[in-house]
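Let's take a walk through this one together, from the annotated spans to the cores and the ligand shells. Have the viewer ready.

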Amino acid sequence: MSDFVNGFWGYFISVVAVGGVVWCVWLLYTQRRWLTNKPANGKVEDTGHVWDGDLTELNNPVPTWWTWMYLLACVFALGYLFFMPGLGSYKGQLGYSSTEEVAKHQAQMAEAVRPIYARFETMTVPQIAEDPGAREIGQRLFLNTCAQCHGSDAKGGFSFPNLTDGDWLHGGTPEIIMKTIKEGRHGVMPPWKAAIDAKTAGDIAQYVRSLSGLTTDPVRVFRGKREFGNFCVACHGVDGKGNQMLGAPNLTDDVWLYGSSEASIVKTILDGRDNRMPAHDHILSPEQIKILTAWVWGLSNKPGTAAGGDSTATPAATPAATAAK
Ligand code: HEC
Ligand code: HEC
């Protein structure tokens, strides 16, 4: 019943379903004379339609087997509506429910994978990140739930952060990554159109570019620096290195969500940016979130590679290898 916004639609559907069957039977009943009509003296009436000179359309009654099939279909329909859910909120004599079926399968699945995840319950995130089995699970989870935004190599794209570069908007500790996955994030850079004109925004963009050592016009950088001090330091810091509490990016590392061109930075300043990472705690189980946390953490904290030479391939190569299978 929860599928309907109110009781009316349940009745509406019942009336249409039963009415349809009744109508079919009624149609058959009213045509019964014609259906049993045997052509008089073996001559079949024709409709008077003629094609190609001699191709005539006859008006034969349908064969008897067809009439029976038609009736049986109506009986089947009524039987189905009696046993199965089909009449609005009526659940059917057999009490079948596809929702319960799905829930049952999901419970079976959860039971089946429990032993696989149980192993990781007592392990820390860095330990899980080193476990080859966990990394495989983590990567598969990532390809299923995260890759559509962050890319199958986790290197992100326009507005989607790169998760492999050790540069973090919100922070890269296991706790913070886990919080990001569970609750999602909302990165808001406010628009400044009302306070800053396009020319000044261009000067500020020049200064922002200079922070990453990109080519700039020194005079405009000088003007931009002053305005940056007025409008931007509250979130991006006096040194432009950002603030992870606010999700304000470091503007000095030449890592960009929206690109480094003056036009793009001006657009960010004038129009602002509104960026959302959705919460995943309703899609993923706590065990899955822990494994994903470890996988993402492992992308920029190569476990067991203090001596260098990780045999398990770089994060960029790993998803590609899976995709090739
Ligand atoms: C619908 C797109 C989308 C999906 C799906 C998505 N993300 Fe994100 N993610 C984002 C965006 C956008 C941001 C940046 C949010 C911001 O600007 O503050 C982000 C940020 C992050 C961050 C923070 C990065 C930093 O620099 O602090 C992490 C970690 C992360 N995502 C991991 C994941 C994982 C793991 C998954 C899969 C469970 C996932 N994301 C699924 C869009 C997505
Ligand atoms: C209220 C806090 C706040 C203020 C003030 C603010 N920003 Fe931001 N800014 C942010 C946040 C948060 C983001 C990240 C948006 C996102 O996650 O998409 C951001 C993103 C940016 C980006 C995009 C960086 C990239 O990686 O592409 C630039 C450039 C930028 N800000 C420049 C400025 C400049 C210049 C000013 C001053 C005119 C300014 N910001 C003022 C919070 C702020």
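Which residues does the UniProt annotation "transmembrane region" cover? According to the unreviewed entry, residues 7-29 and 65-83. UniProt positions follow the numbering used here, feature names are shortened, and annotations may be inferred rather than shown by experiment. A word on the ground rules: this is a predicted model, where local features need pLDDT of at least 70 and side-chain atom pairs count only at pLDDT 80 or more, while totals for chains, interfaces and linings use all residues. Residues are numbered from 1 along each chain as its sequence is written, and chains are lettered from A and ligands numbered from 1 in the order in which they are written.

Residues 7-29 are 100% helix, with their end C-alpha atoms 33 Å apart. Residues 65-83 are also 100% helix, and here the ends lie 27 Å apart. (Helices are DSSP runs of H or I with at least four residues, strands are E runs of at least two, and both are numbered from the N terminus.)

Further along, the unreviewed entry places "domain: Cytochrome c" on residues 133-212 and 219-300. Residues 133-212 come out at 51% helix and 6% strand, with 39 Å between the end C-alpha atoms. For residues 219-300 the figures are 51% helix, 6% strand and 38 Å.

Now for the inside. The largest nonpolar core has 18 residues, and Ile291, Ala294, Trp295 and Val296 have the most contacts within it. A nonpolar core here is a set of buried Ala, Val, Leu, Ile, Met, Phe, Trp, Tyr and Cys residues joined through C-beta atoms within 7 Å. Buried means 20 or more other C-beta atoms within 10 Å of a residue's own, exposed means 12 or fewer, and partly exposed is in between, with C-beta atoms placed from the backbone. Helices α5 (125-130), α6 (132-145), α8 (174-183) and α13 (286-300) each supply at least two residues, and α13 gives the most, with seven.

The buried residues of α13 include Lys290, Thr293 and Trp297, and α5, α6 and α8 are among what covers the buried part. Ala294, for one, touches Val125, Ile128, Ala129, Ala134 and Gly138, leaving aside residues up to four places away in sequence; contact means C-beta atoms, placed from the backbone, within 7 Å. Apart from this core lies another, of twelve residues, including Ala205, Leu211, Ile265 and Val266.

On to the ligands. Ligand 1 has 25 residues around it, with Cys146, Cys149, Gly187, Asn275 and Met277 coming nearest. A residue counts as near if its C-beta atom, placed from the backbone, lies within 6 Å. α7 (147-150), α8, β3, β4 and α13 each bring at least two residues to this shell, which holds 13 nonpolar, ten polar and two charged residues. (Ala, Val, Leu, Ile, Met, Phe, Trp, Tyr, Cys and Pro count as nonpolar, Asp, Glu, Lys and Arg as charged, and the others, Gly among them, as polar.)

Around ligand 2 there are 27 residues, the closest being Gly187, Met189, Cys232, Cys235 and Asn275. This shell divides into 21 nonpolar, five polar and one charged.

How values were computed:
Contact = placed C-beta atoms within 7 Å.
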